[in-house]
Amino acid sequence: MAIPSSFLIFLGILLLPAILATPSSLEKPYPCPSECVQQKETHFYMYLHQFPAWDNVTDKNEAPSFNMFLDNWLITMENNPYEMIIGHARGYHLGMAFSGGLFQTSHTYVFESGRFAGSTLQVLGLLDILVKQGELVIIGGTGAFSTAHGTIRYKEVQSTRSNITDVVRELEVHIFTLGTSPLVMAGAIPI
């Protein structure tokens, strides 16, 4: 019995390099029946300017409505709310009961100038005004951002204008689009 089992071990060792060199069907765990569409990540920064509906604020860009606020916040490429305006965040933020400083937000980021003019992003999430930073989710878009999904990390930063009362959030945007999106087909994205 020792001879046949030794022979099988020898044969296995001899054939092992040939077995390992053979292409495996496991190289692509989920092969596409046709060519797979590639995704592209786009990463950039922009600023969101909220002029709260407080008594001491003159240029309010939100309006109270029951326990929520209707928003038309500015989107800029720089911290200054009056320079390089590229669009608006239109939607609402709703105070969460028993949460302290949490607000549920639903916004459409409407790009009105620059490379993405005419495009939109759908953004949802929670704004925490006590922690002053967090993450929002991108659930869709139009134009250059069709088929978009991704995240936006935000943090409150100091306003560059000391004579106004605005809440400024720096937005770090990560957008994923399919290869069919005009954004991907255009190549590099200088914004």
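Reader: Which residues form a nonpolar patch on the surface?

Author: This is a predicted model, in which local features need pLDDT of at least 70 and side-chain atom pairs count only at pLDDT 80 or more, while totals for chains, interfaces and linings use all residues. Residues are numbered from 1 along each chain as its sequence is written, and side-chain values use heavy atoms, with hydrogens and water left out. The patch (residues with over 30% relative accessible area and no salt bridge, nonpolar side chains being joined within 5 Å; a salt bridge is a Lys or Arg side-chain nitrogen within 4 Å of an Asp or Glu carboxyl oxygen) has about 280 Å² of accessible area (Shrake-Rupley method, 1.4 Å probe), and its members are I129, L130 and V131.

Reader: Where does V131 lie?

Author: Strands here are DSSP runs (E, at least two residues), numbered from the N terminus. One of them, β6, covers residues 120–128, and V131 lies in the loop between β6 and β7.

Reader: Which residue in β6 stands opposite T108?

Author: Strands β5 and β6 run antiparallel and are joined by nine bridges, where pairing requires that DSSP finds at least two bridges. Within this pair, the residue opposite T108 is Q122.

Reader: How many of the 10 residues of β5 are buried?

Author: Buried means under 20% relative accessible area, with a 1.4 Å probe and protein chains only. Strand β5, residues 102–111, is mostly covered, and the number of its buried residues is seven.

Notes. Buried < 20%, exposed > 50% of the residue type's maximum accessible area, 1.4 Å probe, protein only. Helix = DSSP H or I, 4+ residues; strand = E, 2+ residues; numbered from the N terminus. Patch = residues over 30% accessible without salt bridge, like charges linked within 9 Å, V, L, I, M, F, W, Y side chains within 5 Å.
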